[in-house]
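Student: Could you take me through one part of this structure closely? I would like to see how a single residue sits among the others.

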Amino acid sequence: DQAAADAEEDFNVKFRNREMPQPIMYLPIERGRTLVQVLQHFNWAKSGNEARRLIEQRAVKLDGVLQVEDAELPAGEHVVQVGKRHNVGITVG
C-alpha cells in the first residue's frame, strides 16, 4: 500500500502539478566538469554528441533554467534535469 501511495504522489508531482521533484541526495562531481560530461556520467547520454543533441533540443535544465549550450558547471549545489523524469542533485567542488 505504501509503495502505491508513493508512486501516486510521484506521478502527481511530476505530471499533474508539473513540479520538479526534489532530489533525495546530492552526489559529488569534481570541479571542471561540463554539462555534457555530467549527462554521460549519469548515463542519460551514451556519447558526447547525444548529450549535445539533448541540450540543443532544449531537454536539459540546470537549477530550473533551460540550458542552450555546453558549459563548465559552477561550484556549489545544483539540480540537473533531463526531460520530465530524470533529475539529480549534484555538488560541484
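Tutor: Start with a term: buried means under 20% relative accessible area, exposed means over 50%, and partly exposed lies in between (1.4 Å probe, protein chains only). By that rule, buried residues make up 32% of the 93 residues in this chain. The model is predicted: local features need pLDDT of at least 70, side-chain atom pairs count only at pLDDT 80 or more, and totals for chains, interfaces and linings use all residues. Residues are numbered from 1 along each chain as its sequence is written, and side-chain values use heavy atoms, leaving out hydrogens and water.

Now zoom in on His78. It belongs to strand E4, residues 76–82. Strands here are DSSP E runs of at least two residues, and helices are H or I runs of at least four, numbered from the N terminus. His78 is buried, at 7% relative accessible area. A polar atom of its side chain lies 2.8 Å from the backbone oxygen of Pro74.

Next, the neighbours. Contact means heavy atoms within 4.5 Å. Beyond four places in sequence, His78 contacts Tyr26, Leu62, Asp63, Val88, Gly89, Ile90 and Val92. Follow Ile90. With residues up to four places away set aside, Ile90 touches His78, and its other partners include Tyr26, Phe42, Leu73 and Val80.

How values were computed:
Polar contact = N/O pair within 3.5 Å; in protein donor to acceptor, adjacent residues only side chain to side chain.
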